[in-house]
Amino acid sequence: LWSVNDQSTALFMEAFYRHWLQDGTSGRPIGKAEALRLAQADLRNSNDYGHPFYWAPFTLLGNWS
């Protein structure tokens, strides 16, 4: 949809897959929507990538579970 920063995108994708592939506190894997939210929160709370330019361009399409 628009240009993204390469470094923040790499960090975002690492965070997304880390959250998605690990088990949640209930012992069941979390869904993609929750993994996206957590990855966005990771970048939003960072010193270098807190601006929405770095974490807002990412969306989910299709099956969110």
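A residue is counted as buried when its relative accessible area is under 20%, as exposed when that area is over 50%, and as partly exposed in between (1.4 Å probe, protein chains only). The structure is a predicted model, in which local features need pLDDT of at least 70 and side-chain atom pairs count only at pLDDT 80 or more, while totals for chains, interfaces and linings use all residues. Residues are numbered from 1 along each chain as its sequence is written, and side-chain values use heavy atoms, with hydrogens and water left out.

Two salt bridges are present in the structure, a salt bridge being a side-chain nitrogen of Lys or Arg within 4 Å of a carboxyl oxygen of Asp or Glu. In one of them, Arg 18 pairs with Asp 42, and the closest N and O atoms are 3.1 Å apart. This pair links distant parts of the chain, with Arg 18 in helix α1 (residues 6-21) and Asp 42 in helix α2 (residues 32-44), 24 residues apart. Helices (H or I, at least four residues) and strands (E, at least two) are DSSP runs, numbered from the N terminus. Arg 18 has a relative accessible area of 45% and is therefore partly exposed; Asp 42, at 32%, also counts as partly exposed.

A salt bridge also joins the side chains of Glu 34 and Arg 37, with an N to O distance of 2.7 Å. Both residues belong to helix α2 and are three residues apart, about one turn of the helix. Glu 34 is partly exposed, because its relative accessible area is 31%, and Arg 37 is partly exposed at 42%.

Helix α2 has 13 residues, which at 1.5 Å a residue should span 18 Å; the end C-alpha atoms are 18 Å apart, so the two values agree. The expected span is 1.5 Å times one less than the number of residues in the helix. The buried residues of α2 are Ala 35, Leu 36, Ala 39, Gln 40, Ala 41 and Leu 43. Their cover includes α1 and α3 (52-55).

The largest nonpolar core comprises 12 residues: Phe 12, Ala 15, Phe 16, Ile 30, Ala 35, Leu 36, Ala 39, Leu 43, Tyr 49, Trp 55, Phe 58 and Leu 60. Such a core is a set of buried Ala, Val, Leu, Ile, Met, Phe, Trp, Tyr and Cys residues joined through side-chain atoms within 4.5 Å. Helix α2 gives the most to this core, with four residues. In soluble globular proteins, nonpolar side chains tend to be buried together.

Contacts (heavy atoms within 4.5 Å) were listed without residues up to four places away in sequence. On this basis, Leu 43 touches Ser 8, Leu 11, Phe 12, Tyr 49, Gly 50, Tyr 54 and Trp 55. Ser 8, which is found in helix α1, is buried, with a relative accessible area of 1%. Beyond its neighbours within four places in sequence, Ser 8 is in contact with Leu 43, Tyr 49 and Tyr 54. Gln 40 lies in helix α2 and counts as buried at 15% relative accessibility. With residues up to four places away again left out, Gln 40 touches Phe 12, Trp 55, Ala 56 and Phe 58. Gln 40 and Ser 3 are separated by 37 residues in sequence and by 17 Å in space, C-alpha to C-alpha.
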